[in-house]
Amino acid sequence: MEIKMIINRIGAEFEYEGTTYVVGAPIVGTSGSEYEGLYGTITEIRDGEDKETENETPDIYCSFEVPALPYEVKKLEDVFSELYGQKKTIDDIILDFVIMAPSMVEPLDDLKECRQHPRIYILLEDWAVDGEQGNSSEVYTDFNDAKRLLVQKLKEEQESGCIPQWTDNEKFVEYSTESLYECYIDGEYCESHYHIAIISQQICVSSRFVREMAEIYKTSCQLEDFVSQISDWDELDKLTDEQYNRMIQDPHFPERLQNKLGKNDSYWESYWQTVSEVAHEFVDEYLKENTHPDCYTPEQDNPYPLCVGNGSEACKECCLYAKMEARPWEP
């Protein structure tokens with residue numbers, strides 16, 4: 001007997017082949033559909049006897065946004081015109097309550113709830129000299145990397161670039177800060193200037209990007225472990241330098257290691273046992289915060305509050321009482 005299923009509550013989740021689809025969550029059309037590149041949201045998910053299609057996969061109902069770029073509007077019109085064999089405009093194309101297969105949409109992170117906002121540093125360079133103009137930009141994840149390149153580029157301009165040509169000019173103007181340098185001929189900025197600066201910005205990082213960066217780091221660490229493991233093996237003497245260098249950078253080692261670890265029951269048993277031990281420690285630590293007596297009333301504006309008491313005689317003997325009087329020490 002086939003199960004009926006209609007999911008239309010905002011926030012409700014449905015998992016299919018390892019991917020989670022959430023009602024109300026943003027999606028983008030994939031290359032497997034006519035709506036490729038269009039952004040929208042999931043409005044409903046149906047499976048079992050409640051499906052409207054005869055597909056083996058669930059029906060995912062989506063509402064797409066009208067493309068903002070004229071190029072994308074024309075592209076969509078061309079796709080549907082070819083599909084129906086007649087001219088179609090954007091007004092003829094259905095964008096609401098479109099039934100999609102899971103392979104036709106890709107769930108996206110909610111930008112408003114994106115948790116990772118690392119800071120990046122953009123090195124901007126702009127110049128105009130001898131009738132020529134140009135600019136460039138380079139992105140770095142570390143300020144010192146950007147600053148080092150700023151210094152290198154500036155030294156080149158100071159030694160053999162446009163700056164020596166202008167320094168003797170009485171209209172030469174120069175200005176700098178920790179992360180900016182600018183010079184120009186006053187009144188001729190558009191024709192004669194050099195500007196270089198570091199701009200700091202935050203970027204919204206998707207979970208997919210974080211996973212990819214983590215995988216790159218993990219692969220690098222595993223290759224380092226590989227090199228460390230074989231560093232004193234006699235067999236290495238039989239390899240040429242070219243073979244050795246190629247071997248220690250071979251991406252198949254991390255892949256094969258992960259494959260072996262995935263099948264190593266002892267490894268995973270030890271891993272989850274350790275997770276359980278640490279989890280119990282954390283739970284116990286937080287439970288200790290709730291061991292105060294029922295009469296405990298904490299002080300205000302104190303990160304480590306004592307009890308203000310309830311006026312009873314027992315408060316005077318309580319070690320948690322804020323006004324407890326210390327007794328003189330007796331040998």
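Biologist: Which residue is the bridge partner of Ile27 in strand 5?

Modeller: Gly40 is the bridge partner of Ile27 in strand 5. Before we go on, this is a predicted model, in which local features need pLDDT of at least 70, side-chain atom pairs count only at pLDDT 80 or more, and totals for chains, interfaces and linings use all residues. Residues are numbered from 1 along each chain as its sequence is written, and side-chain values use heavy atoms, leaving out hydrogens and water.

Biologist: Thanks! How many bridges join strand 4 to strand 5?

Modeller: Strands are DSSP runs of E with at least two residues, helices are runs of H or I with at least four, and both are numbered from the N terminus. Two strands pair if DSSP finds at least two bridges between them. Here 3 bridges join strand 4 (residues 26–29) to strand 5, and the two run antiparallel. Strand 4 also pairs with strand 8 (residues 105–107), again antiparallel and over 3 bridges. In strand 8, Ile27 has Pro107 as its bridge partner.

Biologist: Now the open sheet: in what order do its strands lie?

Modeller: The order is 10-9-13-12-11, with 5 strands and antiparallel pairing. Strand 10 (132–140) and strand 11 (172–177) are the edges, each pairing on one side only. On average, neighbouring strands are turned by 15° against each other, direction ignored; axes are lines fitted to C-alpha atoms, for helices over the stretch in contact, and angles run from 0 to 180 degrees between N-to-C directions. Strand 11 pairs with strand 12 (residues 180–185) over 6 antiparallel bridges, and Val173 stands opposite Tyr184 in strand 12.

Biologist: Which helix packs on this sheet?

Modeller: Contact means heavy atoms within 4.5 Å. Helix 2 (residues 143–160) touches strand 9 (119–129), strand 10, strand 12 and strand 13 (193–202), and its direction makes about 175° with that of strand 13.

Biologist: Is Ser192 buried or exposed?

Modeller: Buried means under 20% relative accessible area, exposed over 50%, and partly exposed in between, using a 1.4 Å probe and protein chains only. Ser192 counts as buried because its relative accessible area is 12%. Ser192 sits in the loop between strand 12 and strand 13. Leaving out residues up to four places away in sequence, Ser192 touches Ala128, Trp166, Tyr184 and Ile185.

Biologist: And how does Gly11 count?

Modeller: Gly11 has 39% relative accessibility, so Gly11 counts as partly exposed. Its place is the loop between strand 1 (4–7) and strand 2 (13–16). The C-alpha atoms of Gly11 and Val23 are separated by 5.3 Å, although these residues are 12 apart along the chain.

Biologist: Which residues touch the most other members of the largest nonpolar core?

Modeller: Nonpolar side chains tend to be buried together in soluble globular proteins. A nonpolar core is a set of buried Ala, Val, Leu, Ile, Met, Phe, Trp, Tyr and Cys residues joined through side-chain atoms within 4.5 Å. Tyr35, Cys62, Phe64 and Val105 touch the most other members among the 22 residues of this core. Strand 5 (39–48), strand 6 (59–64), helix 1 and strand 7 (98–100) each supply at least two of its residues. Apart from it lies another core of 17 residues, including Ala146, Leu150, Phe172 and Ile198.

Biologist: Finally, what span should helix 7 have?

Modeller: The expected span is 1.5 Å times one less than the number of residues. Helix 7 (residues 265–287) has 23 residues and should therefore span 33 Å, which agrees with its end C-alpha atoms being 33 Å apart.
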